Structures are given as C-alpha cells and as structure tokens.
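Visitor: I am new to reading protein structures. Could you show me how descriptions of them are reached?

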Amino acid sequence: MQNEEIIEKINSFLAEEFEIDADKMLPDANLKETLDLDSLDYIDLVVVIESNFPFRVKPEDFINIITFQDFYDYVITSSQKELV
Amino acid sequence: MLILQNDITSIIPQRPPFVMIDQLVSCDEVCSVTSFYVKEENVLVDNGELSEAGITENIAQTAAAGLGYVTLKNNAPVVVGYIAAIKNLEVFVLPKVGDVIETNVTITNQIFDVTIITGIVKCSGILLAKCEMKIYLKK
C-alpha cells in the first residue's frame, strides 16, 4: 500500500470513528485537539489502528505523536517495519 | 453450571442487594455466560421490570464473573475492574419480574489496561439488550 493510500485510509477511519470532517484533518493540525481525544478515545484509536493495520500499538508510541502528520508517519513506519 | 448462586460472590466484588447475576453457566478465557432470575424485590426493578441500569450492571457483573473465575482457576492475583465506558447500548425489551435472563459476554479486545467486551442479554432466546463496555483493570 502506498503512503497516500495509507493516509487516505487513516483519514477515512478517523472521520468515521470520531465523526469529524475530512477537511479539518490537516497535516499540521493537532491530533488530540482536533479529534477532541480523551484517554478512552485513545483506546478507540488503538482499536481502529490495530483493526486496519498489521501491527500492535504500545502506550509509549503516542508520546511523540502531536500532529496528524506525526500520526501518518507513525502508522506508515510501523506498517513497513511489520512487513520487513 | 460452573458457579451456583450461593457461591457467586466468591468471584465478583459486588454484594447483596447489588448482585445482578445468579449463576456462572459457562466460562473460558474469552467468553462468560451467566443466568439471573429477576425478582420483585430487586433494587433495580422498577414497575415490574429490570431497569436499564440493572441490565448494564448485569452485563458488567457477567464480565467480572468471567474474569474472577479464570483468576481463581489460575490461582492468579485478583484484579479490580471498573466500568470506564459504555458504548452502543441498545435495550430492546426490559426483562420482567419472573424472567430468567441469560447474559453472554465476549472479550473483543485488550488495549493496554483496558478490556473491551460486548455483552448480549437474552430471555428465552429473545434478544433484550446489547452493548459494548470498556473495563479498566487496576493491576
């Protein structure tokens, strides 16, 4: 899967799970604030990630994820590692 | 039948009058099934029907019973669980006094310290209610 396809897939499940317009998901936007995530929403986020991509998420993975771009990069990198 | 009514409090933390399950019918690492006879004097019965709060408590206690049974069986340390969230609760029919409900809980996911379960409540094969719960396990 190409990076663009992964980003499209991420935006699609984020829009569905968190009921947010796709045009608000800008690469530099703050993920937590834009999606209005609380601690339980992060659990939902992990569920959708693990349902859509072949890797397991660790709690510490979220430390460096601030923007949507950080999140895209994380998913892309983690997916590629899993395939190696 | 794995655990009968008299012993049910050995695997759940709740105590009368707030016990909303009678028997643990079956249980494994993923699924647990309980039965519960709805009595008139139940604290969560209102106008002859078990309330929505009673149903959600019944589902939560079924999850607790499953976990408690497995913990006891494996001689593992006791873990306390808290309902963190209830999602997609749908109540189709409230069980009436005199009904015996059967509740099936399945663990669908384990994320960090949170266990996600789905609960289904039936009476005589008819679906009464279902929901998803997030249960925080304090280890």
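Guide: Let's go through this predicted model by asking what stands behind each description.

Visitor: What makes the size of chain B agree with a compact globule?

Guide: We set its radius of gyration against a rule: for 139 residues, a compact globule would have a value near 14 Å, and chain B has 14 Å, so the two agree. Its C-alpha trace spans about 40 × 35 × 25 Å along the principal axes.

Visitor: How do you know which strands of chain B stand at the edges of the sheet?

Guide: Start with the order of the six strands in this open, antiparallel sheet, β1-β2-β6-β7-β8-β5 of chain B. β1 (23-27) and β5 (80-91) each have a single partner strand, so one side of each is left without a neighbour, and these two are the edges. From one strand to the next, the twist averages 25°.

Visitor: Why do β7 and β8 of chain B count as a pair?

Guide: Pairing needs at least two bridges. Strands β7 (residues 114-123) and β8 (residues 126-138) of chain B have 10 bridges, in the antiparallel sense, so they count as a pair. Within this pairing, G119(B) stands opposite C131(B) in β8(B).

Visitor: Which helix of chain A packs on that sheet?

Guide: Helix α3 (residues 39-52) of chain A does, touching β5, β6, β7 and β8 of chain B. Helix α1 (residues 52-73) of chain B also packs on the sheet, and its direction makes about 65° with that of β6(B).

Visitor: How many residues of chain A are in contact with chain B?

Guide: Five residues of chain A are in contact with eight of chain B. On the chain A side, the residues are five nonpolar, no polar and no charged.

Definitions and conventions:
Residues numbered from 1 in each chain as written. Chains lettered and ligands numbered in written order. Predicted model: local features only at pLDDT ≥ 70, side-chain atom pairs only at ≥ 80, totals over all residues. Contact = placed C-beta atoms within 7 Å. Nonpolar A, V, L, I, M, F, W, Y, C, P; charged D, E, K, R; others polar. Rg over C-alpha atoms; globule rule 2.2 N^0.38 Å. Helix = DSSP H or I, 4+ residues; strand = E, 2+ residues; numbered from the N terminus. Axes fitted to C-alpha atoms, helices over the stretch in contact; angles between N-to-C directions.
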